[in-house]
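Hi,

Here is the structure I promised to pass on. Have a look at it first, and then read my notes below.

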Amino acid sequence: MKRGNKLDLFVSLTRQRSIQILIGVGFLYIIMVALEVPFVFDTGFGVVNREGLNDDVPYSRPFALQSEEELEERGAPVRPLKDALRRESKPERRITEYKSVSGLRFDGGSVVNISGMDGFLGIQKSAKEAFEVGKKIWEEMESGKIEEVVKKTTENKTESCPYSISLSGSEFSDRGRILVLPCGLTLGSHITIVGKPRNAHPEHDPKISLLKDGQYVMVSQFMMELQGLKTVDGEDPPRILHFNPRLKGDWSGKPVIEQNTCYRMQWGSALRCEGWKSRADEETVDGQVKCDKWIRDDDDHSEESKATWWLNRLIGRTKKVTFEWPFPFAEGKLFVLTLSAGLEGYHVNVDGRHVTSFPYRTGFALEDATGLSFNGDVDVHSIFAVSLPTSHPSFAPQKLLDKSSKWKAPPLPDGPVELFVGILSAGNHFAERMAVRKSWMQHRLIKSSNVVARFFVALNGRKEVNLELKKEAEFFGDIVIVPYLDNYDLVVLKTVAISEYGVHTVSAKYIMKCDDDTFVRVDAVIKEVEKIADDKSFYVGNINYYHKPLRYGKWAVTYEEWPEEDYPPYANGPGYIVTSDIARFIVSEFKKHKLRLFKMEDVSMGMWVGQFNSSRPVEYVHSLKFCQFGCIDDYYTAHYQSPRQMMCMWNKLRQLGRPLCCNMR
């Protein structure tokens, strides 16, 4: 009996322990389920709903993507903060503040040359100057000085920009020999001047005469200049077009017309017309030659070859001068000069005959020509300007801004984002930015802050444009102002600013650059980059291989700017993507003044990626769907899209659910 009682007692205790263990396991199971359920909802269901995902492929990104067809408004899941960024991951930090001014700075204190590249050193100096000017402009904007100046100017303005202006010679003289063009010029504008060159006078300035002391030359010359607004106090205003006929000639000893531009007191490359017609293989301007022929009394620099000239001399045959037209200006003789603005450049006709054409220089626009001056050895009898714009082209579009709260950018997320899109824009592109806001920036991935898009804009030369730009940035919250004075050759600085913002402000996994005339299919772009293995650095876009620099024409690149015969592989500028480690490398090199800058920003990116690739492998991904020349069906990005086309493409995408082009302007 005693033995049986002991056995029963043992079984009873065992049962109690088993129950206790089961209860403990049950509690442990409940705790584990409670902890795991959110993770299951955040990731597992995303895998199930993801389009085109194979069941046997492990899911490495918890970012759920839907197609363009699913355009109904609903929130997209936020990437978990613990998800590692590509390659060089940084500790996560909360992002709570929108920055309207780029953190990019260029002090220029240690401007250095790299491998003796003079072109690199030149653009570094230009960047230093542009940031210095931009700093002054921004300080004036912050202090409210610019707003006061613009307000006074507006109050004192009694009339709108006139369609035409007519002045007599005395009126022109009373106005300081300057014709004010309040809204600049536009395509088709033309200015006609009736004048008379004065008789030659002795010139004693050795810089002009190039003779010994006590000697002099007879000089008769005048300057017609299209001028812009002053950029910096103490400097001359920019000369957008400098037209300088020298009736008695210069060092050449023959009559000549010289044309040029001057920005911040730095002259460009001169175009000299010396009486010989431009070569047949030289580029034209709106179909017109740059220099037309006029009568010369010698054979110097003639189109006839030297061998033919010597042969004719040996056999006693002299070349007869063909009398076509005299030099267009003569002392004491009236002339009628017409300066017209064409599609590709300025054209000068004198007494009804074409004389010269000067192609537009990059960095200047027709609207920048706010004044015309006539100085030198000439008497102006009358001046007449017509077909002028009645509102400033760069300023009037700001009236089209739709300041509705529905177009405001959503707040930045607390954690890193999947894709950051930096959009290059100019200060006066109000209409372009508004069209982007109303079209592809309304994509649900952007509205839910899984993708962040920002415009990158430099400061404009016109105070009123900067003032409106600042107001626009404050209202919409989607503009990052890069504080330097805008210049075509310095667009590359905006690309560096995009990299800096994408790395240090939004901690983006991928960073994309595009233009404000580029339509972007946001989810299609992300799908394309997610085809690549997660641990790889990549460079995605419409890649160019073995492209050579143009050494002549409007987009000419000098050997000083680019000494190599080939460009590195590079993606076309309207749309490309890099990983964050590449962007971080670019920013780091820039801050150390080791980043080589080139005026073509897309080539610059290709150069930087190539440099990064030399130490860590980069996968180059080429796709024609990043369309450079316009739009193709099933595009990822479409370039050269007007504001109307932007809206049309967005409507087709929303209503038809397919990426179709809109071929109208």
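**What I found**

V457 sits in strand β17. Helices (H or I, at least four residues) and strands (E, at least two) are DSSP runs, numbered from the N terminus. Before we go on, this is a predicted model, in which local features need pLDDT of at least 70, side-chain atom pairs count only at pLDDT 80 or more, and totals for chains, interfaces and linings use all residues. Residues are numbered from 1 along each chain as its sequence is written, and side-chain values use heavy atoms, with hydrogens and water left out.

Back to V457: is this residue buried or exposed? V457 counts as buried because its relative accessibility is 0%; buried means under 20% relative accessible area, exposed over 50%, and partly exposed in between (1.4 Å probe, protein chains only). Not counting residues up to four places away in sequence, V457 touches S425, A426, G427, R433, L469, I479, V480, I481, V482 and K494. Contact here means heavy atoms within 4.5 Å. V457 and A473 are 16 residues apart along the chain, and 10.0 Å separates their C-alpha atoms.

**The largest cavity**

Strand β17 turns up again here. A cavity is found on a 1 Å grid over the protein atoms alone, as a set of points where a 1.4 Å probe fits but cannot get out; lining residues have an atom within 4 Å of a point. The structure holds four cavities of 30 Å³ or more, and the largest cavity has about 110 Å³ of space. For that volume, grid points are joined across faces, edges and corners, and the space filled by probe spheres set on the points is taken.

Next, find S499 in helix α10 (residues 492-504) and I586 in helix α12 (residues 580-591). S499 has a relative accessible area of 3%, so S499 is buried. I586 is buried too, because its relative accessible area is 0%. Leaving aside neighbours within four places in sequence, I586 is in contact with S499, L595, M605 and W608.

**Some loop residues**

The loop between β21 (537-544) and β22 (570-579) holds L550, and Y546 has its place in that loop as well. L550 counts as partly exposed because its relative accessibility is 47%, while Y546, at 71%, counts as exposed. From L550 to E565 is 15 residues in sequence and 9.8 Å in space, C-alpha to C-alpha.

Y546 has a phi near 60°, a positive value in a residue other than glycine. D634 is another non-glycine residue with a positive phi, near 65°. Look for D634 in the loop between β23 (618-622) and β24 (637-638); its relative accessible area is 35%, so D634 is partly exposed.

The chain has 14 helices and 24 strands, and buried residues make up 49% of its 665 residues. Among contacts between residues at least 6 apart in sequence, 72% join residues at least 24 apart.

Now for confidence: pLDDT is the predictor's confidence in each residue, from 0 to 100. The chain has a mean pLDDT of 80, and 73% of its residues reach 70 or more. Where is confidence lowest, and where is it highest? It is lowest in helix α1 (residues 2-49), at a mean of 52, and highest in strand β11 (residues 335-341), at 97. Over residues 35-96, pLDDT stays under 50, and the model has 121 contacts beyond four places in sequence for them. Where pLDDT is low, the predicted coordinates should not be read in detail.

Cheers

Notes. On a 1 Å grid over the protein atoms alone, a cavity is a set of points where a 1.4 Å probe fits but cannot get out, and a pocket is an open set with protein on both sides within 12 Å along at least five of seven lines; lining residues have an atom within 4 Å of a point.
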